[in-house]
Amino acid sequence: MSRVGSRLLGTAGLVRLRSLLSERLSPFQAAAAVALGLAVGIIPVYGIQAIAAVTLASALRLNRALALAATFINNPMLQPFLVLGAVELGHLVLHGHWMALSPAGFAAGDLKDHLAAFILGSLLLAAVLAPAGGAATYVALSWRARRQAGPTHSALAPGSPVTPATLTVLRRRFREAVARRYASAPLRDRSFVWWKVRLDRIFDTLLQEDLGDGPAVDLGCGYGLALLAGHLQTPGRVLRGYDLDARRIAVARQALDGSDCRLSVADIATVEMEPARLVLIVDVLQYLDGDGQRALLARCVEALEPGGRLLFRVPETRRGGRTLLTRWLDLLLFRVTATGLSPTHLPATGYRQWLETLGLTVRESHVDNRLPLSHVVFVATKPERRPDA
Ligand SMILES: C[S@@+](CC[C@H](N)C(=O)[O-])C[C@H]1O[C@@H](n2cnc3c(N)ncnc32)[C@H](O)[C@@H]1O
């Protein structure tokens with residue numbers, strides 16, 4: 001629906017139109033509605049075709065808007081072909097031959113003869129075109145439904161790579177969930193998350209990663225977007241989130257309402273860590289100094305259950321233009337948010353070595369983000385059993 005259309009209809013009209021279009025719209029019901037509309041549009045009951053289509057659709061419990069729309073097969077562009085086709089078909093059935101397409105051919109029969117041929121031909125044409133249109137609708141809507149259902153994480157074989165087509169579906173679903181869940185947030189926060197999920201590649205990473213099941217904790221969770229990705233992948237898992245920003249926590253609580261979540265305003269440097277299968281820290285570690293970061297990572301590893309994962313992202317520190325821009329923007333962010341701090345950016349090798357010393361298997365990806373920024377994403381897995389156990 002275009003913006004102009006939305007304005008003309010107004011909100012109430014728009015809601016009504018949407019509900020009309022989406023009522024009784026399984027592929028089969030939609031196909032039946034289209035077939036009905038086509039039949040009524042072809043059969044020459046001129047003047048009452050719209051009323052007939054809507055009345056019959058209501059009686060047969062079919063989508064009325066679709067049935068009505070299909071009657072417009074008799075539009076000025078197609079009507080001449082329908083009339084001519086009906087007359088020719090009628091003549092073929094009544095007389096065993098086509099009518100010659102010339103004034104002489106038309107003059108060869110009387111008006112009653114042509115009218116009978118037209119009515120019979122129209123009925124035959126409706127009997128052929130209506131099921132054909134219905135079948136085409138059925139095939140198209142079934143295909144669309146299959147495409148929209150798409151693959152899910154649970155349908156993917158463990159360890160199988162997420163194909164670009166799968167990622168597109170997962171991305172669309174995530175964005176739809178974000179639009180729905182943050183719809184009642186204040187405009188400023190809603191706009192922020194809208195842009196964030198489109199500009200930040202961390203969500204592609206989260207959607208492609210196997211985030212496992214069991215309790216998930218997000219340290220510095222902000223608006224709770226990463227937790228939402230975890231929830232969508234494994235609905236029903238326990239979600240915990242901590243952030244110093246009370247406003248963001250309030251928005252996140254509303255967005256994640258209905259899931260098993262507890263979001264608190266708390267300092268991640270001191271918060272008590274509960275056992276978790278997944279710990280997320282996205283763009284937050286740099287708020288702590290070097291020792292603070294190492295202490296927090298050690299506490300995360302301690303809290304992780306065997307087989308659990310720690311996924312965190314930090315700004316890139318390798319030489320390059322993007323790195324400079326990333327660090328400069330981070331500095332600016334710290335200034336704007338008036339934390340009174342400066343970000344502490346540590347090299348990726350430091351994190352890797354530190355985590356490996358703690359016994360974790362570490363995967364590290366250097367990701368060129370949009371805007372253009374650069375980050376390093378670490379996925380560290382705790383062994384199923386401690387080596388010394
Ligand atoms: C750049 S934002 C990232 C938010 C979120 N992780 C995301 O990716 O959307 C950093 C967040 O960390 C939070 N934060 C910074 N220091 C913190 C601390 N010591 N304890 C809890 N939250 C903190 C900020 O309030 C902010 O919401």
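Modeller: Take the second largest cavity. Its lining divides into three nonpolar, no polar and six charged residues. Keep in mind that this is a predicted model.

Colleague: Which residues line the second largest cavity?

Modeller: R171, F174, R175, V197, D200, R201, F203, D204 and R370 line the second largest cavity. Two elements give two or more residues each to that lining: α8 (164-181) and α10 (202-208).

Colleague: Which element gives the largest share of that lining?

Modeller: That is α8, with three residues.

Colleague: What volume does the second largest cavity have?

Modeller: About 50 Å³.

Colleague: How many cavities of 30 Å³ or more does the structure hold?

Modeller: Three. The largest cavity has about 50 Å³ of space.

Colleague: What about the lining of the largest cavity, by class?

Modeller: Seven nonpolar residues, three polar and no charged ones. The lining residues are G41, I42, Y46, Q79, L82, V83, A86, F118, S122 and L125.

Colleague: Which elements supply at least two residues each there?

Modeller: α2 (27-42), α5 (79-95) and α7 (111-149). The largest share comes from α5, with four residues.

Colleague: Now charges. How many salt bridges turn up in the whole structure?

Modeller: The search finds 16. E209 and R363 form one of them, with the closest N and O atoms 2.9 Å apart. That pair links distant parts of the chain, 154 residues apart. E209 sits in the loop between α10 and β1 (216-219), while R363 is in strand β6 (residues 361-368).

Colleague: Which residue forms a salt bridge with R262?

Modeller: E274, with the closest N and O atoms 2.4 Å apart. This pair also links distant parts of the chain, with the partners 12 residues apart. R262 is in strand β3 (residues 261-265), and E274 is in the loop between β3 and β4 (276-282).

Colleague: How accessible are R262 and E274?

Modeller: R262 is partly exposed, with a relative accessible area of 39%. E274 is partly exposed too, at 29%.

Colleague: And where do R294 and D291 lie?

Modeller: Both are in helix α13 (residues 290-303). They are three residues apart, about one turn of the helix. R294 forms a salt bridge with D291, and the closest N and O atoms are 3.4 Å apart.

Colleague: Is D291 buried or exposed?

Modeller: D291 is exposed, with a relative accessible area of 58%. R294 counts as partly exposed, at 34%.

Colleague: Which residues do salt bridges with shared partners join into one network?

Modeller: K196, D200, D283 and R313. D200 is also among the residues lining the second largest cavity.

Colleague: Where does D283 lie?

Modeller: In the loop between β4 and α13. D283 has a positive phi of about 60°, although it is not a glycine.

Colleague: What about phi of R61?

Modeller: Positive as well, near 55°, and R61 is not a glycine either. R61 is in the loop between α3 (49-59) and α4 (64-70).

Colleague: Is R61 buried or exposed?

Modeller: R61 is exposed, with a relative accessible area of 54%.

Technical notes:
Residues are numbered from 1 along each chain as its sequence is written. This is a predicted model: local features need pLDDT of at least 70, side-chain atom pairs count only at pLDDT 80 or more; totals for chains, interfaces and linings use all residues. Side-chain values use heavy atoms; hydrogens and water are left out. On a 1 Å grid over the protein atoms alone, a cavity is a set of points where a 1.4 Å probe fits but cannot get out, and a pocket is an open set with protein on both sides within 12 Å along at least five of seven lines; lining residues have an atom within 4 Å of a point. Grid points are joined across faces, edges and corners, and a volume is the space filled by probe spheres set on the points. Ala, Val, Leu, Ile, Met, Phe, Trp, Tyr, Cys and Pro count as nonpolar, Asp, Glu, Lys and Arg as charged, and the others, Gly among them, as polar. A salt bridge is a side-chain nitrogen of Lys or Arg within 4 Å of a carboxyl oxygen of Asp or Glu. Buried means under 20% relative accessible area, exposed over 50%, partly exposed in between (1.4 Å probe, protein chains only).
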